[in-house]
Amino acid sequence: MYKHILAALDGSPRTPLVLRQAEALARQSGAALHLCRAVNIPLGMPLEAWSLTGDELAARLVEAAQQELLDLRSTLASPLPGEIYVRLGRPAQVVCDIADAIPADLLVVGSHGFDALDRVLGTTAAKIVNHARCSVLVVRPPREG
């Protein structure tokens with residue numbers, strides 16, 4: 001059914017859940033599992049980071065995200081084919097661009113709560129759902145109770 005699944009991972013607490021869902025679907029369908037992450041300059045960046053040039057800072061952010069995705073990939077039950085993609089930019093745009101480039105048959109993303117700001121601006125997941133050219137699975141945390 002699927003040949004290429006792209007899991008968009010953001011380093012949030014829901015990342016392991018998104019990865020497990022994507023892994024299960026990749027194993028069921030024999031698909032390659034690609035991992036991606038969009039990075040940008042964090043608001044709470046340490047002061048020493050401001051001494052870096054823009055290119056140095058971008059390179060460090062990308063390098064750290066690549067290592068995080070490599071570490072996450074090593075937690076899979078067994079290896080799956082697929083690549084790791086990290087790009088600097090707005091998350092929804094980065095994820096959709098990578099999905100187009102692969103080309104992905106399915107995008108797997110995490111959801112998050114709708115606070116007042118999310119309702120006005122829209123979440124990254126909602127932007128991906130609205131702009132992706134492939135199917136999108138939005139993974140929600142398990143219901144309590």
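User: Where is confidence lowest and where is it highest?
Analyst: Lowest in helix H4 (residues 116–121), with a mean of 48, and highest in strand E1 (residues 4–8), at 98. The protein averages a pLDDT of 86 (the predictor's confidence in each residue, from 0 to 100). Residues scoring at least 70 make up 83%. Where pLDDT is low, the predicted coordinates should not be read in detail.

User: How many helices and strands?
Analyst: The protein has 5 helices and 5 strands. These are DSSP runs numbered from the N terminus: helices are H or I with at least four residues, strands are E with at least two. Along the sequence the pattern is β-α-β-α-β-α-β-α-α-β.

User: Switching to H3. Which of its residues are buried?
Analyst: Ala-92, Val-94, Val-95, Cys-96, Ile-98 and Ala-99. The buried residues of H3 pack against E1, strand E2 (32–39), strand E3 (84–88), strand E4 (106–110) and H5. Contact here means heavy atoms within 4.5 Å.

User: How do the axes of H3 and H5 cross?
Analyst: The axes of helix H3 (residues 91–101) and helix H5 (residues 124–131) come within 9 Å and cross at roughly 40°. Axes are lines fitted to C-alpha atoms, for helices over the stretch in contact, and angles run from 0 to 180 degrees between N-to-C directions.

User: Which residues meet there?
Analyst: From H3, Pro-91, Ala-92, Val-95 and Cys-96; from H5, Thr-124, Lys-127, Ile-128 and His-131.

User: Last one, Ala-26. Why does it count as buried?
Analyst: Because its relative accessibility is 0%. Ala-26 sits in helix H1 (residues 15–29). Leaving aside residues up to four places away in sequence, Ala-26 touches Ile-5, Ala-31, Leu-33 and Leu-80.

User: And how far is Ala-26 from Tyr-2?
Analyst: Their C-alpha atoms are 7.5 Å apart, and the two residues are 24 apart along the chain.

Terms used:
Residues numbered from 1 in each chain as written. Predicted model: local features only at pLDDT ≥ 70, side-chain atom pairs only at ≥ 80, totals over all residues. Heavy atoms only, no water. Buried < 20%, exposed > 50% of the residue type's maximum accessible area, 1.4 Å probe, protein only.
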